[in-house]
Amino acid sequence: MLRRIGVTHVVSPLSSFFSSVASARRLQMTAVSASQAREHADAPGAVEMNFLQAINSALDLALSKDEKTVVFGEDVAFGGVFRCTLNLSKKYGSQRVFDSPLSEQGLVGFAIGMASAGWKPIAEVQFADYIFPAFDQIVNEAAKMRFRSGGHFHCGGLVIRSPSSAVGHGGLYHSQSVEGFFNHCAGIKIVMPSTPSDAKGLLLQCVEEEDPCIFFEPKRLYRSMVEPVDPGYYTIPLGKGKILCEGRDVTIVTYGAQVGVAMKAAERAAQEGISVELIDLRSLKPWDREMVTQSVRKTGRVIVTHEAPKTSGIGSEIVSCITQDCFLSLEAPPMRVCCLDTPHPLNEQLYLPNELKVYEAIKFITGY
Amino acid sequence: MFRKSSHAVMHSGGLFRTPRPLCRALQEALMKAQSVWNLDFGGTPTVDELTFHQRKYPSTPMFHVLDLDGRVVNPKQEPEVPKETLIKMMEAMLRQQSIDLILMEAQRQGRISFYMTSMGEEASAVGTAAALDMRDELFLQYREAAALTYRGYTVKDMVAQCMGTIENELKGRQMPIHYGSRALNVHMISSPVATQIPHAAGAGYVCRLENERETDPNKKRICAAFVGEGSASQGDFHAGVNMAATMKSNTLFLIRNNGYAISTPSSSQYAGDGVFARGIGYGIPCARVDGNDILAVFQTVRKARELIRTTNQPVLVEALLYRSSHHSSSDDSTWYRSRDEVEVFSNLFLPVARFEKYLERKLLWTPEQSRSLSQKVRQETLAELHRQEKLPKWPVSSMHDDVYKEMTPEMHQAQKELEEHYERNKKEYNM
């Protein structure tokens with residue numbers, strides 16, 4: 001069984017497309033208020049970083065800030081299969097940056113134990129597709145530890161980070177977006193950023209949280225998404241979304257790598273006079289229900305789009321909340337544009353909720 | 001250390017032959033390469049006759065100190081234990097026995113919803129707790145309440161947890177017998193079996209790192225995970241023990257092998273030499289002990305703790321004993337084992353009586369003290385049951401507490417709605 005791909009460089013036929021997403025993002029940022037868009041991308045001394053470098057910077061700062069912080073997982077010591085942990089073992093030593101045996105239930109259970117003893121383990125699950133062997137440890141243990149003990153024990157220092165989502169050729173076991181499975185589990189927090197700046201600030205916030213957090217990293221952005229990033233220490237609070245562009249006609253709610261797809265669709269719609277408000281949730285549990293509600297009350301229409309399959313995806317929760325919160329404002333039924341309800345195939349061109357599908361949804365809902 | 005303990009089968013001569021000269025180059029090449037596999041062949045990396053290795057029978061004998069009449073068999077192996085510790089051990093076992101009698105009956109009467117006793121297994125829990133330091137962190141399964149009792153968990157604490165009253169600092173959220181105490185360094189018990197094993201490996205890694213920085217030897221501590229032989233079949237057992245071994249965690253794995261996982265006998269649980277043999281496969285020191293002999297358990301665990309701290313590796317101890325009681329208040333064990341078997345083995349081993357005879361011979365204890373303490377604890381437990389039955393449960397206002405450190409906006413809203421619902425319908429909720 002080919003379980004692990006030795007990925008030294010993420011090659012994707014769509015890489016040029018997503019490189020243009022980065023530049024498109026820079027252009028788009030001028031359309032919104034400075035305080036909102038430029039959080040940490042235009043800090044003095046900002047340094048060009050891709051997504052994986054922003055992660056590496058966050059881990060470096062976390063390790064230097066607190067001696068009780070450790071980083072470990074499969075193949076982490078040499079730099080990790082996506083290079084997110086490059087040079088950290090050399091800098092901080094093999095007791096704080098180390099390999100674990102090849103066992104997800106083992107490494108997550110081990111991390112829970114470390115966190116219950118007051119340390120801050122940042123555990124890596126090499127691909128989100130392989131987090132399921134640790135599902136019992138996450139759902140039955142990490143998420144419930146504080147509650148079941150009346151607050152006397154907890155593993156709040158736990159952070160699990162994991163590459164996630166499609167990469168062009170990952171097939172069934174190197175492409176999954178699994179956040180929906182965990183969204184139904186009280187006691188954990190879930191984050192999935194879409195930019196290097198957000199990734200760094202949100203990861204450092206997860207490390208500071210005193211609740212267990214799962215941090216998903218859309219792996220096709222690791223090298224393709226580049227922007228100026230504040231090299232210093234900063235955090236971005238969980239539970240706060242981000243309005244990437246303001247609009248009047250329809251709200252699009254999304255997160256992760258799908259943000260870039262939605263942005264392209266919004267630009268295409270703009271050429272036809274349709275004004276799209278685009279929200280990047282960033283934090284999925286807790287999520288920014290208030291921001292979404294305010295936006296949909298203004299536009300009267302909503303499309304929720306994510307890479308995970310449609311049935312029981314996070315979009316279902318968002319849409320039912322919107323229906324409850326914005327019932328009198330809705331001018332069209334809320335729509336969801338997601339992956340199909342099949343396992344993730346190798347050929348994903350028609351499987352993914354691509355730009356064309358999102359664009360068609362925009363046309364449909366604004367013409368309802 | 002255990003390299004040559006395996007029994008060769010299908011081999012008529014000596015276990016190893018001297019390699020022929022023409023293979024010297026091969027031998028030398030393999031000796032250079034052995035570190036790639038984290039192996040050390042001790043100079044003989046190959047054999048020229050095929051051998052399949054099996055390690056099953058004869059089973060590894062268990063260490064013991066006392067015979068069934070509480071006499072020391074080998075005076076050289078009698079551990080030096082302070083008198084107050086011996087008495088404290090005896091008292092803890094008797095207290096737990098008495099508490100178990102009352103609370104199991106309380107469950108039969110419908111006063112608590114569920115119960116599990118430690119009948120017949122008190123020695124393994126108390127012997128282990130007594131050999132550890134109070135600051136060592138315990139990760140329990142569920143049949144080790146006696147270890148908590150030894151550490152000072154009270155009848156009041158136990159009744160409060162079993163009843164879920166307002167006095168249960170754990171807020172009454174878990175089924176009865178799921179105890180825990182931050183003050184006593186005993187981690188909260190949870191029902192999913194074996195999940196605590198990798199936790200103890202990770203916390204034991206923390207202990208190792210902190211012990212290496214600690215200059216005062218008396219402040220060094222370890223973690224101990226208590227595991228039933230059925231739980232050892234879970235993937236978490238493999239993951240936890242293996243990772244403790246590679247990470248050199250300061251962790252003790254104490255296996256309570258009582259012969260049954262509910263109705264499943266050990267013949268359906270494993271085919272190797274118990275759980276003990278698996279630890280050898282992970283490359284860590286292992287011992288097997290008579291789990292009904294509290295002095296043997298004490299001595300083994302004390303030596304294990306010393307070994308853990310001095311060699312920076314986890315240790316596995318398998319205690320063999322017998323589950324005298326039903327698995328739980330939801331189980332009737334006569335469905336799968338005969339009453340005769342239970343009576344014979346329960347009366348044969350009697351860990352508490354065995355130790356009592358030992359103490360009597362040393363003039364440290366009398367049967368009257370046993371009767372007196374048992375009666376006192378039974379009365380204390382009954383009194384607590386009566387008292388706490390009148391206490392309220394935790395209030396509705398606490399229902400969303402502790403899911404996270406802080407409540408999220410949606411949880412605040414849900415809590416508010418719940419309280420409003422409760423106020424509107426208070427009479428229909430018998431609280």
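Predicted model: local features only at pLDDT ≥ 70, side-chain atom pairs only at ≥ 80, totals over all residues.
Residues are numbered from 1 along each chain as its sequence is written, and chains are lettered from A and ligands numbered from 1 in the order in which they are written. Local features need pLDDT of at least 70, side-chain atom pairs count only at pLDDT 80 or more, and totals for chains, interfaces and linings use all residues, while side-chain values use heavy atoms, with hydrogens and water left out.

Chain A contains 13 helices and 14 strands. Both are DSSP runs numbered from the N terminus: helices are H or I with at least four residues, strands are E with at least two. The chain has 368 residues, and 64% of them count as buried. Buried means under 20% relative accessible area, exposed means over 50%, and partly exposed lies in between (1.4 Å probe, protein chains only). Contact means heavy atoms within 4.5 Å. Among the contacts in chain A with a separation of 6 or more, 84% join residues 24 or more positions apart.

A pair of aromatic rings is described by the distance of the centres and the angle of the planes. Rings of Phe, Tyr and Trp (its six-membered ring) pair if their centres lie within 6.5 Å; planes under 30 degrees apart count as stacked, over 60 as edge-to-face and the rest as tilted. Over all chains, the search of the whole structure gives 20 aromatic pairs. One of them is the stacked pair of A:Phe72 and A:Phe98, with 4.8 Å centre to centre and 5 degrees between the planes. A:Phe72 belongs to strand β2 (residues 69-73) of chain A and A:Phe98 to strand β3 (residues 97-99) of chain A, so the pair ties together parts 26 residues apart in sequence. Both A:Phe72 and A:Phe98 are buried.

In chain B, B:Tyr260 and B:Tyr336 form a tilted pair, 6.1 Å centre to centre with 45 degrees between the planes. B:Tyr260 lies in strand β7 (residues 260-261) of chain B, and B:Tyr336 in the loop between β10 (315-320) and α10 (339-349) of chain B, so parts 76 residues apart in sequence are tied together by the pair. B:Tyr260 counts as buried, at 12% relative accessibility. B:Tyr336 counts as partly exposed, at 24%. The ring of B:Tyr260 also has the charged end of B:Arg337 over it, 5.2 Å from its centre. A charge sits over a ring if NZ of Lys or CZ of Arg is within 6 Å of the ring centre and within 35 degrees of the ring normal. B:Lys88 lies over the face of B:Tyr150, 4.4 Å from the ring centre. Back in chain A, ring pairs join A:Phe51, A:Phe82, A:Phe127, A:Tyr130 and A:Tyr222 into a cluster.

The interface comes next. Chain A gives 46 residues to the contact and chain B gives 44 residues. The two chains bury about 3,700 Å² between them, with 60% of it on carbon and sulfur atoms. Buried area is the accessible area (1.4 Å probe) that two parts lose on being put together, summed over both. A:Phe147, A:Arg148 and A:Phe153 supply 20% of the area that chain A buries against chain B, more than any other three residues.

Four salt bridges are found across the interface of chain A and chain B. A salt bridge is a side-chain nitrogen of Lys or Arg within 4 Å of a carboxyl oxygen of Asp or Glu. The side chains of A:Lys68 and B:Glu210 meet in a salt bridge, at 3.6 Å from N to O. On the side of chain A that touches chain B, the elements giving two or more residues are β3, α5 (104-116), α6 (135-141) and α7 (145-148) of chain A. The largest share of that side, nine residues, comes from α5(A).

Two buried residues follow. B:Thr251 is found in strand β6 (residues 251-257) of chain B and has a relative accessible area of 0%. A polar atom of its side chain lies 2.9 Å from the backbone oxygen of B:Ala200. A:Ser224 lies in the loop between β7 (213-218) and β8 (226-229) of chain A and is buried at 14%. The backbone oxygen of A:Arg220 is 2.7 Å from a polar atom of the A:Ser224 side chain.

Conventions. Polar contact = N/O pair within 3.5 Å; in protein donor to acceptor, adjacent residues only side chain to side chain.
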